[in-house]
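Good morning, colleagues. I would ask you to look at the model on the screen while I go through its residues and elements in turn.

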Amino acid sequence: MKRVFILLLFLLPFLGYAQFSKTHYIPPITAQNNIVEDQYLYISTPTLTNVNFRIIEVGGNVINGTVRNNAPYTYSIGNGLYTQLFTPKTNIGIVQNKGYIIEADDLVYVSVRVTAARSANQQGVVSYAHAGGIVSKGNSALGKVFRLGAMLNPLNNDNSLLNFASIFATENGTTVTISNIENGTTLTNNTII
C-alpha cells in the first residue's frame with residue numbers, strides 16, 4: 001500500500017497536464033433561455049517565452065495572437081445565443097458551422113468563460129446571476145467512444161432544465177451515432193424515446 005501511495009504522489013504532477021495541448025477544439029453550445037451574456041476564450045501558458053497561436057472560427061476568420069506565462073490572452077466572442085460559440089436550442093441536432101479550433105506553436109491551456117443574466121442594483125453595480133466555464137482537454141480528448149452524464153428532471157415539467165452534448169467532428173465526413181439514451185427521455189423537438 002505504501003508503494004502505491006508513493007507511486008501516486010510521483011505521478012500526480014503529470015496528471016495536471018491533461019488540459020495542456022497545442023490544439024484545442026471548442027464546439028458550439030446552447031442554453032435553455034436567452035440569458036447568455038458575455039463570452040470569452042481565455043488562453044494561457046506556463047511558458048516563459050512568447051507562444052504564437054491562432055484562433056480559427058469554424059467556417060470563418062482566423063485571429064492570431066501571442067501568449068506567455070505572465071500575459072494571458074482573452075478573446076471576446078460577444079453575447080447572446082447567436083454567436084460563433086452559442087446556438088439556440090431550436091438548432092440542436094443540426095450540424096453547425098460554429099465553434100473554434102485553437103492551434104498554438106507550443107503547449108497552451110484554453111477555456112471558455114460565460115456570464116449570464118446581467119442586472120444592475122440601484123447604485124449601478126452590475127452583477128451576474130450565473131457564470132460558467134468550459135476547459136478544453138485539447139488533443140487528449142480525441143476519441144471515438146464517450147459517455148455523457150446528465151441531470152435527471154424527475155418532475156418532467158421543469159422547463160428551466162436542459163441537458164445537451166456538443167460533438168465536434170475533427171474530420172470531414174464523420175458519422176456520429178448516439179446510443180443508449182434512457183427510455184422516457186424527451187428530446188428538444190418533443191420526441192420521447
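I begin with Phe20, which is placed in the loop between helix 1 (2-15) and strand 1; helices (H or I, at least four residues) and strands (E, at least two) are DSSP runs, numbered from the N terminus. Please keep in mind that this is a predicted model, in which local features need pLDDT of at least 70 and side-chain atom pairs count only at pLDDT 80 or more, while totals for chains, interfaces and linings use all residues. Residues are numbered from 1 along each chain as its sequence is written, and side-chain values use heavy atoms, with hydrogens and water left out.

Is Phe20 buried or exposed? Phe20 counts as buried, at 15% relative accessibility; buried means under 20% relative accessible area, exposed over 50%, and partly exposed in between, with a 1.4 Å probe and protein chains only. Leaving aside neighbours within four places in sequence, Phe20 is in contact (heavy atoms within 4.5 Å) with Thr45, Pro46, Leu107, Val108 and Tyr109. Phe20 and Leu107 are 87 residues apart along the chain, yet their C-alpha atoms are separated by 5.7 Å.

Next comes Ser21, in strand 1 (residues 21-26). Ser21 is buried, with a relative accessible area of 5%. A polar atom of the Ser21 side chain lies 3.0 Å from the backbone oxygen of Thr23. Such a polar contact is a pair of N or O atoms within 3.5 Å; within protein, one must be able to donate a hydrogen and the other to accept it, and residues adjacent in sequence count only if both atoms are side-chain atoms.

His24 is also found in strand 1. With 0% relative accessibility, His24 counts as buried, and its side chain reaches the backbone oxygen of Ser21 at 3.3 Å.

Let me now turn to Asn69. Where is Asn69 placed? Asn69 is in the loop between strand 4 and strand 5, and it counts as partly exposed at 36% relative accessibility. Apart from neighbours within four places in sequence, Asn69 is in contact with Thr45, Pro46, Thr47 and Leu48. Thr45 and Pro46 are also among the contacts of Phe20.

I move to the core. The largest nonpolar core has 23 residues, of which Leu41, Ile55, Leu85 and Tyr100 touch the most other members. By nonpolar core I mean a set of buried Ala, Val, Leu, Ile, Met, Phe, Trp, Tyr and Cys residues joined through side-chain atoms within 4.5 Å. At least two residues of this core come from each of strand 2 (36-44), strand 3 (51-57), strand 4 (62-67), strand 5 (73-79) and strand 6 (100-120). Which strand supplies the largest share? Strand 6 does, with seven residues. As for Ile55, not counting residues up to four places away in sequence, it touches Leu41, Ile43, Asn61, Val62, Ile63, Tyr73, Tyr75, Tyr100, Ile101 and Ile102.

How many aromatic pairs does a search of the whole structure find? The search finds two. Rings of Phe, Tyr and Trp (its six-membered ring) pair if their centres lie within 6.5 Å; planes under 30 degrees apart count as stacked, over 60 as edge-to-face and the rest as tilted. Phe53 and Tyr73 form an edge-to-face pair, because their ring centres are 4.9 Å apart and their planes are at 70°. This pair links distant parts of the chain, with Phe53 in strand 3 and Tyr73 in strand 5, 20 residues apart. Phe53 counts as buried at 1% relative accessibility, whereas Tyr73 counts as partly exposed at 22%.

In the other pair, the rings of Tyr75 and Tyr100 have centres 6.3 Å apart and planes at 75°, so this pair is also edge-to-face. Tyr75 lies in strand 5 and Tyr100 in strand 6, so the pair ties together parts 25 residues apart in sequence. Both Tyr75 and Tyr100 are buried.

I close with the overall picture. The protein has one helix and seven strands, running α-β-β-β-β-β-β-β from the N terminus on. Buried residues make up 27% of its 193 residues. Among contacts between residues at least 6 apart in sequence, 66% join residues at least 24 apart.
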